[in-house]
Amino acid sequence: MSDCLFCKIAAGEVSCTEVFSSENLIAFRDIAPQAPTHILVIPRMHISGLSNLTNDQENLAGELLTTAVQIAAEEGLDPAGYRFVINNGEDGGQIVAHLHLHILGGRPMAWPPG
Ligand code: AMP
């Protein structure tokens, strides 16, 4: 989508601090980190959010999760632990309408979230 910020990042039209890149996914550091480690993992394909995932994107959804686990390990977040967050929709706190998984780590996380 031409007006989507994360599509522009995936296309290399907007710069980012990339930490991972593959055929289907890209991961980069969040511009406003909420923890010492804060990385976003996104599909290159435009999917507006979790609600827009379709059954034929099961493999992509799995790849998003397992890649995030791999990145968290590479970032040294094991065995201390970390949190994955996917905000969905307005009440979910989603600002950018392109599916993204937050990897947060490097400090203890509070519960419940705000
Ligand atoms: P969400 O509220 O789940 O939609 O999260 C959007 C995230 O994108 C926020 O944590 C922002 O700080 C982050 N963000 C917005 N613009 C950029 C950017 N240009 N590069 C990296 N992260 C960004």
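## Contacts of the ligand

In the side chain of Asn87, an N or O atom is 2.8 Å from an oxygen atom of the ligand, which falls under the definition of a polar contact (a pair of N or O atoms within 3.5 Å; within protein, one must be able to donate a hydrogen and the other to accept it, and residues adjacent in sequence count only if both atoms are side-chain atoms). An oxygen atom of the ligand is also 2.5 Å from an N or O atom in the side chain of Asp30, and a polar backbone atom of Val96 is 2.9 Å from a ligand oxygen. The ligand exposes 500 Å² when taken alone, and the protein buries 83% of that, where accessible areas come from the Shrake-Rupley method with a 1.4 Å probe and, for residues, only the protein chains shown count as cover.

## Basis of the model

This is a predicted model, in which local features need pLDDT of at least 70 and side-chain atom pairs count only at pLDDT 80 or more, while totals for chains, interfaces and linings use all residues. Residues are numbered from 1 along each chain as its sequence is written, and side-chain values use heavy atoms, with hydrogens and water left out.

## The shell around the ligand

Around the ligand there are 16 residues, of which Asp30, Gly93, Ile95, His100 and His102 come nearest; a residue is near a molecule or strand if one of its heavy atoms lies within 4 Å of it. Helix α1 (5-10) and strand β2 each supply at least two residues of this shell, and α1 gives the most, with three residues. Helices (H or I, at least four residues) and strands (E, at least two) are DSSP runs, numbered from the N terminus.

## A salt bridge across the chain

A search of the whole structure finds one salt bridge (a side-chain nitrogen of Lys or Arg within 4 Å of a carboxyl oxygen of Asp or Glu). Its partners are the side chains of Arg29 and Glu75, at 3.0 Å from N to O. The pair links distant parts of the chain, with Arg29 in strand β2 (residues 25-29) and Glu75 in the loop between α2 (58-74) and β4 (82-85), 46 residues apart.

Arg29 counts as partly exposed at 34% relative accessibility, and Glu75 is partly exposed at 27%, given that buried means under 20% relative accessible area, exposed over 50%, and partly exposed in between (1.4 Å probe, protein chains only).

## Two cis peptide bonds

Asp78 and Pro79 are joined by a cis peptide bond with omega about 0 degrees, and Pro79 has its place in the loop between α2 and β4. The peptide bond from Trp111 to Pro112 is cis as well, with omega near 5 degrees, and Pro112 lies in the segment after β5 (101-105).
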